[in-house]
Amino acid sequence: AVFSVTSLTAPGHLERAKDDVFATPGLALFLRLPNPAKRAVALKNLVATADALAKSLNAVLFDADHQPLTNDTLRRLSSDVEDWARKYPG
C-alpha cells in the first residue's frame, strides 16, 4: 500500500460490512513511507485521491493543522517527504 484512509472516529478503520450505514465527521489519508512507488508520484496520487473523495462527498480538504489545504501546504508536504527520504535513504 502506498497510502491509507482511516475514519476520524473509533475504531478508525473502514468496515466494509457497514458500507450502507457508514458515517464519519471526516477521513484522514496518510502516505506510507517507505513504499514501492516514487515518493513524488505517491504524494501526487494521494492528493488526487483526496481531491476526488472530497468532490464526490461535497467535502473540504484540510491539512494536519485543521486548516484548508493550500498549494503552500502541498509544497511543505512534498518537502517533508523529501526530508524524510534524506534521513532514511534506501
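**A first look**

At 63% relative accessibility, lysine 55 is classed as exposed. Its salt-bridge partner is aspartate 51, and the closest N and O atoms of the pair are 3.1 Å apart. Please keep in mind that this is a predicted model.

**Salt bridges**

- The count of salt bridges in this model comes to four.
- In general, side chains of opposite charge can pair when their charged atoms come close.
- Aspartate 51 and lysine 55 are four residues apart in helix 1, which means that about one helical turn separates them.
- While lysine 55 is exposed, aspartate 51 is partly exposed, with a relative accessible area of 32%.
- Another pair is aspartate 83 with arginine 86, where the closest N and O atoms lie 2.3 Å apart.
- Aspartate 83 and arginine 86 sit three residues apart in helix 2, so they too are separated by about one helical turn.
- Aspartate 83 counts as partly exposed at 32% relative accessibility, whereas arginine 86 is exposed, with a relative accessible area of 58%.
- Glutamate 82 pairs with arginine 39, their closest N and O atoms being 3.2 Å apart.

**The largest pocket**

- In general, rolling a probe the size of a water molecule over the atoms shows where empty space is left.
- The largest pocket holds about 1,000 Å³ of space.
- Its lining is made of 33 residues, and the closest to the pocket centre are Leu27, Ala28, Leu29, Phe62 and Asp63.
- Strand 2, helix 1 and helix 2 are the elements that each give two or more residues to this lining.
- Which element gives the most to the lining of the largest pocket? Helix 1 does, with seven residues.
- Sorted by class, the lining has 25 nonpolar residues, four polar ones and four charged ones.

- Leucine 27 lies in strand 2, and it is one of the residues closest to the centre of the largest pocket.
- Is leucine 27 buried, exposed or partly exposed? At 32% relative accessibility, leucine 27 counts as partly exposed.
- Setting aside residues up to four places away in sequence, leucine 27 touches Val5, Thr6, Ser7, Leu8, Leu14, Phe22 and Leu57.
- Leucine 27 and histidine 66 are 39 residues apart in sequence, and their C-alpha atoms are 12 Å apart in space.
- Serine 4 is part of strand 1, which covers residues 3-7.
- With a relative accessible area of 12%, serine 4 is buried, because buried means under 20%.
- The side chain of serine 4 makes a polar contact, at 2.7 Å, with the side chain of arginine 32.
- Beyond its neighbours within four places in sequence, serine 4 is in contact with Ala28, Leu29, Phe30 and Arg32.

**Backbone details in the loops**

- In general, most residues other than glycine have a negative phi, and most peptide bonds are trans.
- Where is the cis peptide bond described here? A cis bond joins leucine 33 and proline 34, with omega at about -5°.
- Proline 34 belongs to the loop that runs between strand 2 (27-31) and helix 1 (39-57).
- Asparagine 58 is not a glycine, yet it has a positive phi of about 55°.
- Asparagine 58 is placed in the loop between helix 1 and helix 2 (71-87), and at 74% relative accessibility it counts as exposed.
- Histidine 66 is not a glycine either, and its phi is positive too, at about 65°.
- The loop between helix 1 and helix 2 holds histidine 66, which counts as exposed at 64% relative accessibility.

Notes:
Residues numbered from 1 in each chain as written. Predicted model: local features only at pLDDT ≥ 70, side-chain atom pairs only at ≥ 80, totals over all residues. Heavy atoms only, no water. Buried < 20%, exposed > 50% of the residue type's maximum accessible area, 1.4 Å probe, protein only. 1 Å grid on protein atoms, 1.4 Å probe; cavity = no way out; pocket = protein on both sides within 12 Å on 5 of 7 lines; lining within 4 Å. Points joined across faces, edges and corners; volume = space filled by probe spheres on them. Nonpolar A, V, L, I, M, F, W, Y, C, P; charged D, E, K, R; others polar. Salt bridge = Lys/Arg side-chain N within 4 Å of Asp/Glu carboxyl O. Contact = heavy atoms within 4.5 Å. Polar contact = N/O pair within 3.5 Å; in protein donor to acceptor, adjacent residues only side chain to side chain.
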